[in-house]
Amino acid sequence: MGNCCVKSEKLTAEIVPRDGAKVYPTVRLYGSPKSILAAYIRFALLHKSVSLDFVPSDEAPASGARRADTDGDVTLQVGSEVVTGSRETLLRFIDARFPSPVVGGGGGAEEEKEAVMVTVIRLQHKSMLWHVERVLRWAEDLVTRGGKKAVDPSVGTPRMEIRKFATSYSALLEVMMEHARMEETVLFPFFDIADRGLTRAAKEEHARDLPLMNGIKEIIKSVGVLDSGSPDSREALYNLSARLKLLQGQTKQHFKEEEVEILPLMEALELSKEQEENALDQCFDVMLETHGRLLKYFLEGLQPRDAMKYLDLISMCRNKEKMESMLMMILK
């Protein structure tokens with residue numbers, strides 16, 4: 001996944017490689033296809049350079065260890081080693097057997113006391129900033145090549161690459177717009193009730209950035225119809241890179257202001273547990289695409305440990321059917 005992968009020597013930012021990864025034995029995971037724990041452990045193993053073989057729970061490991069059941073128990077088998085236990089036990093085994101990157105373990109005491117919605121916002125900020133950086137580097141690479149093909153043939157022709165770029169940026173735009181809408185409809189009302197006008201600046205920045213983001217989308221469309229390598233195409237690519245650089249700067253500043261000036265006041269709101277749970281459920285509802293077809297894209301922007309933290313948040317969704325749907329989405 002994005003943040004946890006080895007940096008590529010290839011020019012295009014579209015390719016996320018595992019160059020030079022050490023070859024590990026096959027990991028067999030026994031569990032119910034409907035098991036939340038099995039989905040969680042399968043996602044953890046996706047961050048490791050392993051060959052994963054998922055075995056339905058009606059088949060037991062050859063060693064005769066206790067068979068995983070449909071209530072959520074899972075069993076891991078690596079060679080002759082067989083482990084069954086809690087999520088923490090399985091994650092410790094995975095990290096001990098395959099050390100890098102680390103997927104288990106949590107934050108310090110300060111992080112554990114952090115309000116749920118603060119954790120949600122911080123992790124979403126991290127993912128979006130990673131994706132902004134990614135498309136910016138990609139645009140800069142396009143400018144450097146001046147319309148020439150990428151080194152990696154899987155990217156295709158310049159026009160095919162621009163289509164891939166457009167798809168990637170459209171996903172980022174959708175996540176950023178859903179995030180802003182979620183803040184304005186779910187999070188900010190709590191602050192405005194306590195202190196009217198507290199979030200006015202943040203809302204104004206949301207409105208300020210929207211024309212810039214939509215403008216970038218229009219530039220990408222124009223690049224797609226111009227002759228690759230032509231003066232107009234090169235100028236459009238330069239313009240695209242400059243606009244993305246501006247978006248990156250404004251996004252970083254906006255997120256920093258929220259995290260320094262607004263989020264620390266969350267504790268002062270003294271929300272009840274039910275209010276926090278309601279807010280989290282509403283977050284998933286408002287950010288429907290981010291937690292649906294774009295969930296794998298979103299999680300790609302997080303370090304493995306942070307991605308696992310976000311899955312912890314998803315597992316707190318009180319709508320079990322929706323929660324299972326989100327967890328299964330990342331395994332498609």
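Modeller: Two strands pair if DSSP finds at least two bridges between them. Helices (H or I, at least four residues) and strands (E, at least two) are DSSP runs, numbered from the N terminus. This is a predicted model, where local features need pLDDT of at least 70, side-chain atom pairs count only at pLDDT 80 or more, and totals for chains, interfaces and linings use all residues. Residues are numbered from 1 along each chain as its sequence is written, and side-chain values use heavy atoms, with hydrogens and water left out.

Biologist: Which residue in β4 stands opposite L76?

Modeller: β3 (residues 75-78) pairs with β4 (residues 81-84) over four bridges, in the antiparallel sense. β1 (residues 26-31) is also antiparallel to β3, again with four bridges. In β4, the residue opposite L76 is V83.

Biologist: Which residue takes a positive phi in the hairpin of β3 and β4?

Modeller: Two residues lie between the strands of this hairpin. The phi in question is near 65°, and the residue is G79.

Biologist: Are the residues on the faces of β3 buried or exposed?

Modeller: In a regular strand the side chains alternate between the two faces of the sheet. T75 and Q77 are on one side of β3, L76 and V78 on the other. Buried means under 20% relative accessible area, exposed over 50%, partly exposed in between (1.4 Å probe, protein chains only). Both faces are covered, and all four residues named are buried.

Biologist: How are α5 and α6 oriented to each other?

Modeller: Axes are lines fitted to C-alpha atoms, for helices over the stretch in contact, and angles run from 0 to 180 degrees between N-to-C directions. α5 (residues 158-194) and α6 (residues 200-225) pack at about 170°, with axes 10 Å apart. Angles under 35 degrees count as roughly parallel, over 145 as roughly antiparallel, 65 to 115 as roughly perpendicular and the rest as oblique. The two helices are therefore roughly antiparallel.

Biologist: Is F188 buried or exposed?

Modeller: F188 lies in helix α5. Its contacts (heavy atoms within 4.5 Å), leaving aside neighbours within four places in sequence, include A202, H206 and E258. Because its relative accessibility is 1%, F188 counts as buried.

Biologist: How far apart in space are F188 and I262, C-alpha to C-alpha?

Modeller: In sequence, F188 and I262 are 74 residues apart. In space, the C-alpha to C-alpha distance is 9.2 Å.
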